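Here are my notes on this model, point by point. Please keep the structure open while you read.

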Amino acid sequence: MQSVLTILVDGLTYASWLFIVALGLTLVFGVLKILNIAHGSFYALGAYAAASFVGWGAALKWAPAFSLVAMLLAAVAVAAIVAPLTERGLLRFFYGRDEVLLVLVTYALFLILEDVTKLIWGTNPYFVSEPYALFGNVHLGVQTYVGYDFAMLALALVVGFAVWWGLNRTRQGKIVLAVIHSAEIASSMGVNVSRVYMVAFTIGIFLAGLGGAFTAPMISVSPGVSVGVIIVSFAVVIIGGLGSIEGAAIGALIVGLARSLAVHVAPVAELFSIYVVMAIVLMFRPEGLFQRIQARKI
C-alpha cells in the first residue's frame with residue numbers, strides 16, 4: 001500500500017509541472033496553429049532566470065519566502081522580453097504558410113536559444129535550493145515527502161483553473177475562442193487577430209517560463225534541460241489532443257503516473273514507458289483523447 005502511495009505522489013508531482021508547460025504548448029497551437037519546438041527553450045529560460053533572480057535575492061539578504069516571488073517575476077520577465085521579439089520579430093512573417101515550415105522555424109529558434117542560454121549563463125549547472133525547503137516535510141504513513149512537491153500540485157491546479165476560467169468565463173476569452181474557431185470570421189467582425197495572437201503567445205511563453213521557474217528548485221538547471229521537456233510535453237499534448245486544456249491535464253496525469261510506475265518498478269523503462277502509453281492512445285484515438293476530428297475545408 002505504501003509503495004502505491006509513493007508511486008501516486010511521485011506521478012502527481014511530475015504531472016503538475018508538466019501540465020503547466022504542456023498547457024502553454026497546447027494554447028499556442030490552439031490559437032496560432034503553431035507546433036512550437038522552441039517551447040522547451042522557453043522553459044529553460046524560465047529556469048535559468050529563476051536561478052538568477054533567487055540568487056540575487058539571496059545576495060541582497062531577502063527573506064527566503066521572497067524566493068517564490070522572485071521565481072514568479074522570472075517567468076514574467078521571460079514572457080515580457082521574449083514574446084514580443086519572437087512573435088512580432090519572427091513568427092508573424094510565417095502565418096498562413098505551410099505547417100512544416102513553421103516547425104522548421106521554431107526548431108531553428110530552439111537551436112538559437114540553446115546557444116543563447118550558454119552564452120548568458122555558461123555551461124555550469126545552477127542549483128536553486130532556497131524555495132525547496134520553504135514548505136517543510138509532509139508525513140504520509142511511514143513515508144516523508146517534501147512539501148514543495150505538494151505546493152507544485154496546488155500551483156498546477158490554480159494555473160489550470162485560471163486558464164480555463166479566462167477562456168470560458170471572460171469576454172477576452174470568448175474573443176480568443178472565436179479566433180480559434182475561425183480567424184477570418186473573427187477578423188471580419190472587428191477582432192484584432194494580430195493582438196490576440198500576441199497575447200496568446202505571451203501567455204504560452206509565460207506558462208513555459210513558469211513551469212521552468214518553479215521546477216528549478218527540484219532539478220539541476222544545466223544546458224540541455226529543454227530537450228527532455230519538449231519531448232515529454234509533446235507526448236502530453238498528443239495523448240490529450242492538441243489545443244485541449246482538459247487533454248493537457250489528463251495527458252500530464254497519464255504520463256506522470258506511467259513514468260512514476262516505471263521508475264519504481266522498472267527504472268530502465270522510464271522514458272520508454274511514455275512512448276508506449278502514447279502509442280497505445282494513438283492506436284485507438286489518433287486525434288488524441290479530447291480532440292475531435294475536424295472536417296477538411298474545401
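1. Start near the end of the chain. Glu 287 lies in the segment after helix 11 (270-284). Helices here are DSSP runs of H or I with at least four residues, numbered from the N terminus. Glu 287 is buried, because its relative accessible area is 19%. Buried means under 20% relative accessible area, exposed means over 50%, and partly exposed is in between, with a 1.4 Å probe and protein chains only. Now find Ile 239. Glu 287 and Ile 239 are 48 residues apart along the chain, yet their C-alpha atoms are separated by 8.3 Å.

2. A word on the source. This is a predicted model, in which local features need pLDDT of at least 70 and side-chain atom pairs count only at pLDDT 80 or more, while totals for chains, interfaces and linings use all residues. Residues are numbered from 1 along each chain as its sequence is written, and side-chain values use heavy atoms, with hydrogens and water left out.

3. Two other pairs show the opposite kind of spacing. Met 71 lies in helix 3. Met 71 counts as buried because its relative accessibility is 0%. From Met 71 to Ala 269 there are 198 residues in sequence and 33 Å in space, C-alpha to C-alpha. Ser 194 sits in helix 8. Ser 194 is partly exposed, since its relative accessibility is 34%.

4. How many salt bridges does the structure hold? The structure holds one. To count, a side-chain nitrogen of Lys or Arg must be within 4 Å of a carboxyl oxygen of Asp or Glu. Arg 88 pairs with Glu 87, and their closest N and O atoms are 3.4 Å apart. Arg 88 is partly exposed because its relative accessibility is 31%. Glu 87 is buried, because its relative accessible area is 0%.

5. Look next at the loop between helix 2 (39-59) and helix 3 (66-87), where Trp 62 has its place. Trp 62 counts as partly exposed, because its relative accessibility is 48%. Trp 62 belongs to a nonpolar surface patch with Leu 60, Phe 66, Val 69 and Leu 73. Together these residues have about 530 Å² of accessible area. Patch members have over 30% relative accessible area and no salt bridge; like charges are joined within 9 Å, and nonpolar side chains (Val, Leu, Ile, Met, Phe, Trp, Tyr) within 5 Å. The areas come from the Shrake-Rupley method with a 1.4 Å probe; for residues, only the protein chains shown count as cover.

6. Check two backbone angles. Lys 61 is in the loop between helix 2 and helix 3. Lys 61 is not a glycine, but its phi is positive, about 65 degrees. Lys 61 counts as exposed because its relative accessibility is 74%. Lys 33 is in the loop between helix 1 (2-32) and helix 2. Phi of Lys 33 is also positive, near 60 degrees, in a residue other than glycine. Lys 33 is partly exposed, because its relative accessible area is 40%.

7. Which residues line the largest cavity? They are Ala 44, Tyr 48, Glu 114, Thr 117, Ser 222, Pro 223, Gly 224, Val 225 and Ser 226. The volume of this cavity is about 40 Å³, and the structure holds one cavity of 30 Å³ or more. On a 1 Å grid over the protein atoms alone, a cavity is a set of points where a 1.4 Å probe fits but cannot get out; a pocket is an open set with protein on both sides within 12 Å along at least five of seven lines; lining residues have an atom within 4 Å of a point. Helix 2, helix 4 (99-121) and helix 9 (225-240) each supply at least two lining residues.

8. Last, the second largest pocket. It holds about 550 Å³ of space. Its lining has 24 residues, and the closest to its centre are Gln 172, Gly 173, Val 176, Val 199 and Ile 203. Helix 8 gives the most to this lining, with nine residues.

Methods. Points joined across faces, edges and corners; volume = space filled by probe spheres on them.
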